[in-house]
Structures are given as C-alpha cells and as structure tokens.
Amino acid sequence: MGNLLRRPRLADGFHPCSGRVEVLDAETWWTVCDADFDQQDAEVVCRELGCGLPVQVLGSAAFGRGEGQVWSEELWCRGNESDIHFCPSSSSLKHNCSHDSNVGLVCSGHTQAQMVNGLDSCSGRVELKYLSEWGSVCDVSWDMRAASVLCGQLKCGSAVAVLGSDWFGEGSGQIWADVFDCQGNETHLSKCPISSWSRTACSHEQDAGVICSGSSLAFHDGRVRLSGGMECEGKVEVYFGQDWRRVLLDSWSESEASVVCRQLDCGSVFSFSSSSTSSPEHNNICVMGFSCSGSEAHLGNCSSAQAVNCSSREQLSITCSGKFNSAHSSIRLVGSGGDCAGRLEVFHSGSWGTVSDDLWDIEDAQVVCRQLQCGVALTSQVPAWFGPGTGPIWLNEVECDGSETLLWNCRFHLCGENECGHKDDVGVVCSEFKEFRLTEGCEGNLEVFYNGTWGNVCVNGMDTNTISLICQELNCGRSGHDRASKARVELAPNWLVNLKCRKHDSTLWHCPSSPWGQNMCINGNKMPQITCSGKEKNNHVLRSFLTCSSSPHHRQCSNHLPLRLKGGEGICSGRLEVYHNAEWGSVCDDMWDIKDAQVVCRQLGCGPALSANGSADFGAGEGPIWLNRVKCRGNEIHLWDCTHSLENHTDCSHRQDTGVNCTVGQRGKLTTTPSPGDLSIYLVSLLVLGTVLFLALVLLVVLFYRKRVLRRVPSERGQNPIYEGLNRGTEDIYEEIDHRFSTERTTISTQRDMTDNYDDALTVGSNSNIMTLDTR
C-alpha cells in the first residue's frame with residue numbers, strides 16, 4: 001500500500017486528543033494492532049494531531065472495538081517525525097490481531113508552554129496552549145515542583161520563585177485548573193500526573209507566575225536562599241549588589257520572614273533567630289533594612305535594603321513551616337484515605353509529627369481546613385479517631401481565633417519531653433472530605449460522602465470506564481455493570497452528576513464531573529446500582545475491605561466496612577450487620593447504646609437514631625458475630641472510628657444481636673415507628689396517659705354536677721323541707737361569724753389608740769372585710 005494519503009485520527013475518546021488510533025491508508029480507515037504500536041509512534045501521532053506529547057498508550061480496545069479491518073502494516077517511527085507520512089512501515093507479523101487488540105492513545109493536549117509579560121522568556125505569567133487555545137494556570141494548582149519542570153522544559157534552568165499575578169499581571173481567556181502533581185525531575189509537564197479538577201474556583205487574580213534561574217530577574221536584588229543543607233530551614237542569604245550576602249537580624253520582623261518563606265514555597269514562618277557569624281568563605285558585607293508588609297510574594301517587592309559591615313553583629317537564621325504545594329504541605333491529614341480528613345500532622349525540623357488535643361476546638365480545626373482548602377470543619381475534637389501517630393508530637397495547646405489562614409499563625413506550645421502522648425493525637429474532618437461506597441459491599445447503589453453526609457450519584461453520563469475504576473478502587477474486581485435504580489434514601493442529597501472517568505484516570509477523584517453540591521438528576525432521578533465482577537464471580541474470593549491496594553498511584557482504600565440493617569421496616573431500622581471477610585455478620589450488644597446507634601444511622605444516611613436495641617429485638621441473625629464492645633462518642637462519621645473488637649466472637653450468641661431504629665424509614669420517609677423492643681415501653685406509656693385522662697374527665701364531671709346543684713339551691717330554698725335545715729345551719733354560721741368579728745373590732749379599736757398613724761388603713765381594712773362578709 002502506498003503511504004501518500006496516510007494520516008491518523010483518534011476515535012471515541014473523551015476529548016479530541018484521546019481515543020482509538022485509526023490510520024487512513026488508501027482511502028480506508030483502519031484500526032491498529034496494539035502489538036504494532038509503541039511510544040515513538042505515539043509521539044508522532046500526537047505531534048501530527050497538534051495534541052502535545054503522549055500521556056498513555058493503551059491496548060486491549062481501551063476505547064472500544066473498532067469497525068472494518070485491522071491495519072496490516074506496522075509503523076517504524078523514530079519519534080522525531082512531524083507526521084506518520086514520514087515513518088517507515090512494513091507488513092505486520094501479527095496476522096491474528098482482532099479488534100479486541102485495538103490500540104488507544106491519550107495525548108496531553110497541552111501543546112506548548114510559555115511565560116509572558118516578564119523581563120525575558122524565562123520569567124513571567126505561565127500560559128499553556130491546549131489544542132489551539134492559550135490559557136493561564138491557576139496558582140492553587142501550581143507549585144515549585146511543577147515550576148521547575150516547566151523551567152527545564154523551556155530550557156531555562158530550574159525554578160527560583162513561584163509568584164502571583166501581582167508580579168506579571170492578570171491574563172485573559174481560559175484558566176486551566178489542571179493540577180500537575182509533579183515530582184520535579186520530569187522533563188516535560190505532560191510527564192506529570194494530572195488531575196482534572198481543583199477544589200478552589202479560580203479567577204485571573206490567581207494566575208501563576210514563575211522566575212527561572214535562566215532569567216535575568218533571578219539576579220536582581222531580592223533573590224533568597226537558605227544555607228545549611230535543608231530546604232526550608234537555615235541561614236538567610238539574599239542576592240544584593242551582584243553577590244550573595246548574609247542578612248543581619250537588626251530590624252528583621254515576622255513580616256519579612258513570612259515573605260521569605262512564601263518566596264521559597266516553604267509555607268509560613270515558624271521561627272527566626274540569630275545564627276553564628278559568617279563563615280570564612282563569605283565576605284564581610286551583610287545586608288539589612290528590608291521593610292515588608294508581609295503580603296508580598298517576593299523580597300524584591302519590599303522597600304530597598306542597604307549593605308553594611310557584618311562585624312560581629314547577629315545574623316539571621318529562619319525556619320519555615322515546611323514545603324507547601326498542592327499535594328504536600330506543611331500540614332496534612334492522614335489515615336482516612338483522603339486529604340481532607342484524618343490525623344493532623346505538621347512538618348517541623350525535617351520530619352512529620354502529630355498535634356496533641358489539649359485546648360483543641362472548632363476554631364483550630366477551621367484554620368486547618370482553610371489552609372488545606374478543604375472547606376469548613378465538621379468536627380472539632382476527635383482524638384485518635386484515625387489511629388495514633390508515630391514519631392514526635394510537635395504541637396500542644398494550639399489556640400486559634402478561627403480567622404487565621406495558616407495554623408502557624410496561631411498560638412501554640414511545643415510539646416516537652418514526655419509531656420504528650422499519641423493517644424491524644426488530634427484529628428480533623430473537613431466538609432470537602434469525600435469517599436464513596438457500594439451499599440452492599442461489591443454491589444449496590446453508588447453513594448458518596450460529602451459535606452458531612454452520605455448522598456447520591458446520578459446515573460447521568462456514567463459509562464464502563466467509570467464503573468471499572470469504581471470496582472478497582474473498592475477491590476471488587478476490574479469491571480462491572482450497572483442498572484438504573486431509585487435512591488436508597490430519597491431524602492438524601494444528590495451530590496454528584498455527570499461523573500465520567502477517562503482511561504488514564506488512576507483514581508475516581510481525577511474523573512471530570514459537574515461541581516459538587518445539591519444537583520438535579522435527569523432521567524427521573526435514576527441512580528446507578530453497580531455489580532462488580534468480583535461479586536459476580538465468587539463471593540468467597542472477595543478480599544476484606546481492610547486489605548487495600550498499596551499502589552502509590554491509587555487513593556488509599558477505605559477501611560470502612562459496609563453496614564446494613566435487616567429485619568426491620570425499611571432500610572433504616574433492623575438488626576445491624578457488617579460485611580467482613582466476604583461475609584455478612586451481626587454485632588453483639590455488649591456496651592451498645594444510643595451513641596453507637598447515632599453513628600450507625602449517620603453512616604447509613606438515615607438521620608438521627610431513635611433507639612439502640614439489643615437482645616435480638618429484630619430477630620436473631622445467622623453466621624458470624626463480627627463486632628463486640630463497640631464504644632462511640634456519638635459524633636464519629638463511621639462505626640470503625642469507634643473503639644471496637646473485630647473478630648469472630650464465639651463468646652456472644654445471636655440472642656444478643658444489636659439493632660438500630662433511625663429517624664428516616666422506608667424509602668427515605670421520616671418515621672417514628674417503634675422497634676419491637678420499645679413496644680412494651682410505648683404501651684405502658686399509653687396506659688398511664690389513658691388513666692390520667694380518664695381521672696381528669698371524672699373530676700370535670702363531678703365539678704360540673706356540683707356547680708349545677710349549687711345554682712339550683714337559692715331558687716329552691718323555702719320550697720323544700722330539706723333546705724329548711726340548710727337555712728337553719730346557715731343562720732348558725734352567720735351568728736358565729738358576727739361573734740368573731742365583733743371581737744376583731746374591739747382589738748382594732750385598741751390598736752387605733754396605740755398607732756394613730758395607721759388609723760385610716762386599719763379602718764378601711766376592717767370595713768372592707770365586714771362589707772364582704774355582710775354581703776355574703
């Protein structure tokens with residue numbers, strides 16, 4: 001076949017730079033066998049299509065099986081050709097290749113990079129070209145490592161500083177929010193793992209800028225470095241007067257120190273102090289006089305310094321809180337499987353350490369969530385929720401106002417030796433913490449945890465790639481299938497719509513979707529109910545959910561085993577069962593109380609708990625009894641955050657199976673239906689209430705009858721012999737009253753003579769009483 005008309009295309013991809021590789025040859029489109037296609041061929045195809053560099057070559061019909069014939073040629077590109085027309089080819093030896101082996105390709109799409117509005121081509125605002133469109137980069141998604149990769153890609157050396165729009169101005173047009181998770185040693189940005197979403201909405205006020213070492217700006221006054229061998233700690237040296245000079249401690253404040261840490265991409269200032277005098281290799285000229293407000297991105301933005309003689313004056317040493325970038329900062333939350341919840345750890349003196357919970361409150365947690373761009377704090381004090389840490393315990397008695405942007409801006413003490421213990425390690429849960437689950441282990445409705453509660457995922461746009469990744473991350477096989485279903489809890493929010501994963505996404509959180517929040521589902525509020533291949537093949541070969549993938553490219557697996565309630569009315573009441581070792585089992589009621597039930601209802605998305613039941617109120621279960629001695633505080637997110645014993649508890653019988661009754665009942669409706677164990681309590685309460693109401697009714701009848709009788713007395717006096725006796729009795733009573741009050745008058749008369757000042761008051765009081773009685 002001739003190659004004059006040969007050209008490639010990518011079909012059925014998630015964007016124009018991804019898809020199944022097809023080649024036009026002799027006026028016919030052919031698919032390509034994955035065994036005949038390599039990295040060099042991929043580089044030429046991406047280049048010819050204007051799609052940048054190849055990110056991933058995928059086999060086994062990753063983008064679906066093609067149609068027509070499989071190409072009988074094999075490309076032999078060197079990798080530097082402009083298009084495949086110039087690549088040699090030969091007849092393929094893979095004569096039995098089918099469409100099941102169609103090769104797929106993902107190109108970066110970012111075709112060019114540049115820095116604009118700087119002093120030269122090695123400094124300026126970062127702009128990337130995606131296909132044919134230029135756009136700026138959000139600094140929330142940009143760090144020193146990505147900047148170093150860009151500098152190397154542009155042959156500008158390494159990154160000196162990452163700056164904001166206040167240095168190189170604001171761009172216009174598109175803002176690329178891709179998160180480049182670079183290690184710093186990649187040769188091209190396309191070699192870095194890329195996430196397609198960022199937590200923070202970006203504007204051109206957050207346009208990232210970079211100064212590379214190859215720029216003349218790098219040699220302008222204000223460039224900073226730390227000596228001593230540590231990245232974010234050491235003696236401060238500033239480029240000033242065409243040479244590196246030490247800085248004197250005189251007139252130095254926290255404002256200047258914070259600018260230095262920011263300029264070095266080292267977080268916030270931890271401390272600064274005096275250091276030893278200059279070593280012999282340094283000259284005797286030092287610098288002092290910098291004056292900063294603290295908000296500057298570069299020391300060169302502060303007022304000018306002056307050169308002075310070092311003599312024996314104290315020189316500056318600084319410790320910054322640590323490396324600060326999108327994936328790795330001076331603080332982190334670990335142990336939850338996500339970066340917005342977990343045990344709090346801080347980076348200090350070259351190592352990670354924990355924080356003690358003394359004086360810890362919601363204001364402190366708010367600062368942590370704000371610094372990590374994880375929304376707002378959902379919990380304030382959660383000691384050892386995520387397991388005790390190891391190594392040093394750095395901070396104690398942290399006190400924040402709640403408005404600080406960094407934890408290091410709060411008041412705190414360093415833990416003294418033997419002063420703090422890891423049992424008090426503090427943890428934080430932020431509103432942006434997300435996780436997902438299938439409600440029945442490796443099958444069931446797909447649900448996500450966000451903003452402190454479980455919610456639904458709409459079926460909109462979900463495809464086989466997405467389902468496959470979900471199953472893999474849950475250790476439930478490599479594939480699965482779904483069908484439309486109704487929401488498990490109809491009152492639950494619809495957190496996520498239009499979730500669609502791509503072949504190169506290594507975790508669900510890299511997959512594009514609509515913004516998180518309350519959403520409307522199309523297709524009649526249909527939710528995906530997924531069955532993974534691990535479930536289909538053999539229930540007994542499923543691994544425990546506590547056994548998770550150790551791959552560094554995958555999100556840490558959740559250790560939160562599935563729960564369900566059986567034997568009650570609906571899905572939010574019944575006997576509690578947990579899924580462990582590929583088998584459902586019950587929970588023993590030792591120490592079981594309403595706090596434990598609250599956590600179960602929260603984990604199931606069923607509202608507050610109405611009751612915590614024991615003694616097999618919802619019937620005895622079967623199989624193992626997995627949990628016993630559960631002890632929760634009541635505010636945990638998962639039952640597994642509580643103290644518990646997880647094993648096959650043969651010391652407990654199914655007569656002690658626990659149960660739970662939650663506020664939200666069948667099909668998401670609110671319910672107050674009592675459980676069997678509560679029925680006797682309700683009956684007794686109703687009986688007591690009925691008795692009280694009956695007695696009250698009898699009393700009202702008696703009073704009513706008595707009132708009627710009394711009203712009839714005056715009209716019947718003198719007409720009935722019975723009342724004659726009553727009249728005589730009444731006269732006797734009045735005679736007794738007249739006698740008593742005659743005595744009272746005599747007493748009052750005597751008192752009038754003794755106390756003239758009260759004469760009128762007593763007279764009025766006496767006459768009033770007498771008038772009242774006479775009226776009667």
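Which residue forms a salt bridge with Arg575? The partner is Glu577, and the closest N and O atoms of the pair are 3.1 Å apart. A salt bridge is here a side-chain nitrogen of Lys or Arg within 4 Å of a carboxyl oxygen of Asp or Glu. Arg575 and Glu577 are both buried, a class that means under 20% relative accessible area, with exposed set at over 50% and partly exposed in between (1.4 Å probe, protein chains only).

The model is predicted, so local features need pLDDT of at least 70 and side-chain atom pairs count only at pLDDT 80 or more, while totals for chains, interfaces and linings use all residues. Residues are numbered from 1 along each chain as its sequence is written, and side-chain values use heavy atoms, with hydrogens and water left out.

The predictor's confidence in each residue is expressed as pLDDT, from 0 to 100. For the protein chain the average is 76, and 77% of the residues score at least 70. Helices (H or I, at least four residues) and strands (E, at least two) are DSSP runs, numbered from the N terminus. Over residues 536-559 pLDDT stays under 50, and the model has 47 contacts beyond four places in sequence for this stretch; a contact means heavy atoms within 4.5 Å. Residues 672-679 likewise stay under 50, with 15 such contacts. Where pLDDT is low, the predicted coordinates should not be read in detail.

Salt bridges also link neighbouring parts of the sequence elsewhere in the model, which holds 19 of them. Side chains of opposite charge can pair when their charged atoms come close. Glu237 forms a salt bridge with Arg225, the closest N and O atoms being 2.6 Å apart. Because Glu237 lies in strand β17 (residues 233-239) and Arg225 in strand β16 (residues 224-230), the pair ties together parts that are twelve residues apart in sequence. Glu237 is buried, at a relative accessible area of 2%, whereas Arg225 is partly exposed, at 35%.

A further salt bridge joins the side chains of Arg332 and Glu345, at 2.8 Å from N to O. Arg332 belongs to strand β23 (residues 331-335) and Glu345 to strand β24 (residues 341-348), so this pair ties together parts that are 13 residues apart in sequence. Arg332 is partly exposed, with a relative accessible area of 28%, while Glu345 counts as buried at 7%. Salt bridges that share partners join Arg9, Asp12, Arg20 and Glu22 into one network.

Glu435 is buried, with a relative accessible area of 1%, and its side chain is joined to that of His638 by a polar contact of 2.3 Å. A polar contact is a pair of N or O atoms within 3.5 Å; within protein, one must be able to donate a hydrogen and the other to accept it, and residues adjacent in sequence count only if both atoms are side-chain atoms.

Helix α4 (residues 254-263) is mostly covered, with seven of its ten residues buried; among them are Val259, Val260 and Cys261. Just after α4, Asp265 takes a positive phi of about 60°.
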